[in-house]
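Here is a friendly walk through a two-chain model, meant to be read with the structure open beside you.

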Amino acid sequence: MQTTLGTPTVSAVVFFGLIVLLTLAITWWAARRTRSTREFYAAGRRVSPFQNGLALAGDYMSAASFLGIAGLVALRGYDGMIYATGWLVGWPALMFLIAEPLRNLGTFTFADVVAYRLRQVPVRVASATGGILTVLLYTIAQMVGSGNLVMLLFGISYEWAVLCVGVVMLAYVLFGGMIATTWVQIIKAVLLLFGVTVLTVLVLARFDFNPGALYAAVAAKYGQAALEPGGLVTDPVDAISLGLALMFGLLGLPHILMRFYTVRDARAARLSVLYATGFIGYFYLIIPIVGFAAATFVGRDAIRRIDPGGNMAAPLLAEFLGGTAFLGFIAAVAFATILAVVAGLTLAGATALSHDVFVHAIRRGHATEQEQMRVARAATLIFGVAAILLGIVFKGQNVAFMVGLAFAVACSANFPALLLSILWRRFNTAGAVSSIVTGATLSVVLILISPTVWVDLLKNPSPLFPLRNPAIVSMTAAFVVGVVVSLATREPSAEAKFDDERLRTYLGVGAV
Amino acid sequence: MDDSTRRVLESAEFRQLVARRWRVSALASACLFFLYYGYILLVGTNKAVLARRIGGAVTLGIPLGAAVIVGAWILTAAYVVWANRSYDAAVQRLRAHLDR
């Protein structure tokens, strides 16, 4: 089929312009309300649970999950569906294990919780390093992805695409802080859910609203194998390891955890997760329909011709079903998706730099409000410019593994220390720092010598570490090291403060 | 730490609340693990089950994959119902005993 993909059509430019105008207007409005760190980092803690649920969904559902999973289902059938389930199952775990304690104990970052009763300087520096490493890896993957996508969608050059995404995102965060970021994420979530719903309804309308007929059409064209598990999950241990990274990685993603401080209390945090899980679950439930329909109507060969990775499956389906105007809308939604995620990441990276490293490690908690705001904005600028430069430096590189690596670092460096600090009286500074260092180092090194990088990217004949996903080893090691080192050392002051911490964890006494 | 705080911390009700909170959370997590890792292990070890056709071209794997997502949401909702009703009420009672 003929496609206008890659040429800036009137509808694409109009929808794109509307989204940018609307979000910049909101940023202008938010900027006048952003006077203190409470507003800049946490939107004044006045976000409602429903709004936060949408914003969490907007923060989490990346272009990789919208375009990537639709493409994976289109090209590889049922295997894409297996992958989709993994992206949801972290949310219940987040609820059961850390959502409420996280909200009760912290102020702006997850490092607040880890450092609650431990020695500030070492724990802040270690937690911020784990957090920033996670955010940087995720940001590189998002920026490179965004450059490629915007280039494919609108036909502008890669460098301009990265610069454009970077500058708009930086405007949101720099001027509007968390208030603007929250609304950008809400708008993006609504647009994305609406766009995918319309696509699904248009697809099902062609099959008299009988999904069975869609699957029959897929099987008729590509054989029954398209609806059966194929080659994605072959080694059960590796599959479990990937599952662990996806599930517990969410519990260590700084930009997600940070959103919990935008609501009033632990009860609101709990409700946020319920809404978020509903929106995200609905999304992953219907996105395979989009993928299967793209394979049926557009065809696998046509999808591969535009992008071998399949990322253009959903936009091409949109054009087939709704013409150029609908393609323009879906392209603009994909653009908004990228913006919302990188804005969240930049704010999280900047907060770790300014709140954890500058205020608590360098200034030992003593900095005036004005000074904190200046540093927060400077850190945002540094992080945003770094994101743009990294996006350009990594042009043409295969960075898909970096998302996996970000999740591996998050579940190995950030999550074990966070959970142990909430649960265990004997957990101490030495245990926390060694757990974070072990988790971060091990996950990075094991990925480098895994089949993903050592063989696929560096072209060595055989891997030094057999698994593609290191989480099962690196996360376990981080827990073991954290426990063993804590048991081997004593920190009476940390143990003494645990009662006070429990009162705040479970009853919310003293929570801010 | 004042007396009322110490009394609350040492009270049977507070200890039971914390124990119950982690029991519920462990039970919910166990259900989640069974649901998700059970599904992944099934995919990894016995693909034939998921490839079984259950009507037309539809394979058992399709409703099972959807069930993992729906089941995960139901678990989340069940936890919220428990926490809103039982946990929050206990927190209110305990906080009333505090002087501060």
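Predicted model: local features only at pLDDT ≥ 70, side-chain atom pairs only at ≥ 80, totals over all residues.

Chain A contains 23 helices and 0 strands. Chain B, in turn, has 4 helices and 2 strands, and its elements follow the order α-α-α-β-β-α from the N terminus. The table puts some overall values for both chains side by side.

| Chain | Residues | Radius of gyration | Box of C-alpha atoms | Buried residues |
| Chain A | 512 residues | 22 Å | roughly 70 × 55 × 40 Å | 62% |
| Chain B | 100 residues | 21 Å | roughly 70 × 25 × 15 Å | 26% |

The contacts inside each chain can be sorted by sequence separation. In chain A, 83% of the contacts with a separation of 6 or more are between residues 24 or more positions apart. In chain B, 66% of the contacts between residues at least 6 apart in sequence join residues at least 24 apart.

**Where the chains meet**

Which parts of chain B touch chain A? In total, 45 residues of chain B are in contact with 43 residues of chain A. On the chain B side, the elements that give two or more residues are α1 (3-10), α2 (12-45), α3 (47-51), β2 (58-59) and α4 (61-96). Of these, α4(B) gives the most, with 18 residues. By class, the side of chain B that touches chain A has 30 nonpolar, 11 polar and 4 charged residues.

**Helix α4 of chain A and its partners**

Now have a look at helix α4 (residues 63-76) of chain A, starting with its packing against helix α9 (residues 120-154) of chain A. Their axes come within 11 Å and cross at roughly 60°, and α4(A) and α9(A) are therefore oblique to each other. The crossing of α4(A) past α9(A) is left-handed. Here A:Ala63, A:Ala64 and A:Leu67 of α4(A) make the contact with A:Gly145, A:Ser146 and A:Leu149 of α9(A). That contact has 4 nonpolar, 2 polar and no charged residues.

Helix α4(A) also packs with helix α16 (residues 313-362) of chain A, at an angle of about 145° and with the axes 9 Å apart. From α4(A), the residues taking part are A:Ala63, A:Phe66, A:Leu67, A:Ala70, A:Gly71 and A:Ala74. They meet A:Ala313, A:Ala314, A:Ala334, A:Thr337 and A:Ile338 in α16(A). Sorted by class, the contact of α4(A) with α16(A) has 9 nonpolar, 2 polar and no charged residues.

**One residue to look at**

Finally, find A:Leu18 in helix α1 (residues 10-31) of chain A. Is A:Leu18 buried or exposed? With 12 other C-beta atoms within 10 Å, A:Leu18 is exposed. Its C-alpha atom is separated by 22 Å from that of A:Ala57, which lies 39 residues apart from A:Leu18 along the chain.

How values were computed
Residues numbered from 1 in each chain as written. Chains lettered and ligands numbered in written order. Axes fitted to C-alpha atoms, helices over the stretch in contact; angles between N-to-C directions. Parallel < 35°, antiparallel > 145°, perpendicular 65-115°, else oblique. Left-handed = near helix turned anticlockwise from the far one by under 90°. Contact = placed C-beta atoms within 7 Å. Nonpolar A, V, L, I, M, F, W, Y, C, P; charged D, E, K, R; others polar. Rg over C-alpha atoms; globule rule 2.2 N^0.38 Å. Buried ≥ 20, exposed ≤ 12 C-beta atoms within 10 Å, placed from the backbone.
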